[in-house]
Amino acid sequence: MKTITIEGQLRSEFGKKATRQARSEGQVPCVIYGGAETVSFSAPATAFKDLVYTPDFQIAEIKVGSKTYRCVLKDKQFDTVTDELAHIDFMELVEDKPVAVTLPIRITGQSEGVKAGGKLVVKMKTLKVKALPKYLRENIEVNIDNLQLNANIRVEDVVTENIEILNSPRIPIASVVMTRQLRQEEAAEGKKK
C-alpha cells in the first residue's frame, strides 16, 4: 500500500488569527485524532498534493516533532473563494481499533454482456468500508466476467474478507446496458420473422 510521508510542526497558537497567519505563510492547519492524544500541527500546502489530489487510497506517515503517526485522510476543507486547501483532519490508525474509510473500486475482467454488444456503465467509483488497519488495502476489486446484458453487479455481490462494507447492499456498482445499435438489430430480427 502506498504511504506518503509528511513533515509538520506542532501548532502552539490556536484561533482565527493564528490560523490565518499559518495560511498566509503557505501552511495548512491539520488535526490528528483517534489515537491516545489529539495532535494539532501545520505543514506546507505542497506536502499534501499527492495525498489530496488523487483517487488512490493512501496512508500518511506524519512526522511531528520526534513522533511519527500512521494516519488516513478523514476530511479536507477548501477555501470557498480561492479553492486552496484550508484544513485537513487525519484519523490515527490504532491496530486493534476498526476505522471507516472510503476505498476505490477497481473493475476487473471482461463482461459477457459487453462481448455480446452491450455497454458497461460504472455507477460507483468508491465503497465506504470498515476494517482493522492491518486489513486496509489500496482498492476493492470487483470482477465483472459473469455480468450479462441488462444485468447489474450490486454492493451485496462484492465479497471481501475481514472488511465490512457500509454502503446499502442493493446499490448497483456496474451494469451492462443494451446499446441503441443492438436494440435496432433485435427489432430488425423481430420484423423479419
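Buried here means under 20% relative accessible area, exposed means over 50%, and partly exposed lies in between, with a 1.4 Å probe and protein chains only. By that rule Leu93 is buried, with a relative accessible area of 9%.

Before going further, the basis. This is a predicted model, so local features need pLDDT of at least 70 and side-chain atom pairs count only at pLDDT 80 or more, while totals for chains, interfaces and linings use all residues. Residues are numbered from 1 along each chain as its sequence is written, and side-chain values use heavy atoms, leaving out hydrogens and water.

Back to Leu93. This residue sits in the loop between β6 (85-92) and β7; helices (H or I, at least four residues) and strands (E, at least two) are DSSP runs, numbered from the N terminus. Contact means heavy atoms within 4.5 Å. Leaving aside neighbours within four places in sequence, Leu93 is in contact with Ile59, Arg70, Cys71, Val72, Val99, Pro133 and Leu136. Ala60 is 33 residues away from Leu93 along the chain, and their C-alpha atoms are separated by 9.9 Å.

Next, the cores. A nonpolar core is a set of buried Ala, Val, Leu, Ile, Met, Phe, Trp, Tyr and Cys residues joined through side-chain atoms within 4.5 Å. Which members of the largest one touch the most others? Out of 26 residues, they are Val72, Val99, Val101, Leu127, Val129, Leu136 and Ile173. Two or more residues each come from β7 (99-108), β9 (126-131), β10 (140-143) and β13 (172-177). The most come from β7, which gives 4. Val72 touches Phe57, Gln58, Ile59, Asp89, Phe90, Met91, Leu93, Val99 and Val101, again not counting residues up to four places away in sequence. There is also a second, separate core of 19 residues, with Ile6, Val52, Ala60 and Tyr69 among them.

On to helix α1, residues 16-24, where Ala18, Thr19 and Ala22 are buried. Seen down the axis of α1, these buried residues fall within an arc of 100°, so they line one face of the helix; the arc is that of the directions from the helix axis to the C-beta atoms. The cover over them includes β2 (27-33). On the face turned away from the buried side are the exposed residues Lys16, Lys17, Arg20 and Ser24. Just after α1, Gly26 has a positive phi of about 80°.

Now the largest pocket. On a 1 Å grid over the protein atoms alone, a pocket is an open set of points with protein on both sides within 12 Å along at least five of seven lines, and lining residues have an atom within 4 Å of a point. The largest pocket holds about 400 Å³ of space. Of its 18 lining residues, Asp56, Phe57, Leu73, Lys76 and Thr102 lie nearest the centre. Elements giving two or more residues to this lining are α2 (49-52), β5 (67-78), β7 and β9, and β5 gives the most, with 5.

Last, Ser40, in strand β3 (residues 39-44). Ser40 counts as buried, at 17% relative accessibility. Outside four places in sequence, Ser40 touches Leu10, Arg11, Phe14, Cys30 and Val31.

Key: 1 Å grid on protein atoms, 1.4 Å probe; cavity = no way out; pocket = protein on both sides within 12 Å on 5 of 7 lines; lining within 4 Å. Points joined across faces, edges and corners; volume = space filled by probe spheres on them.
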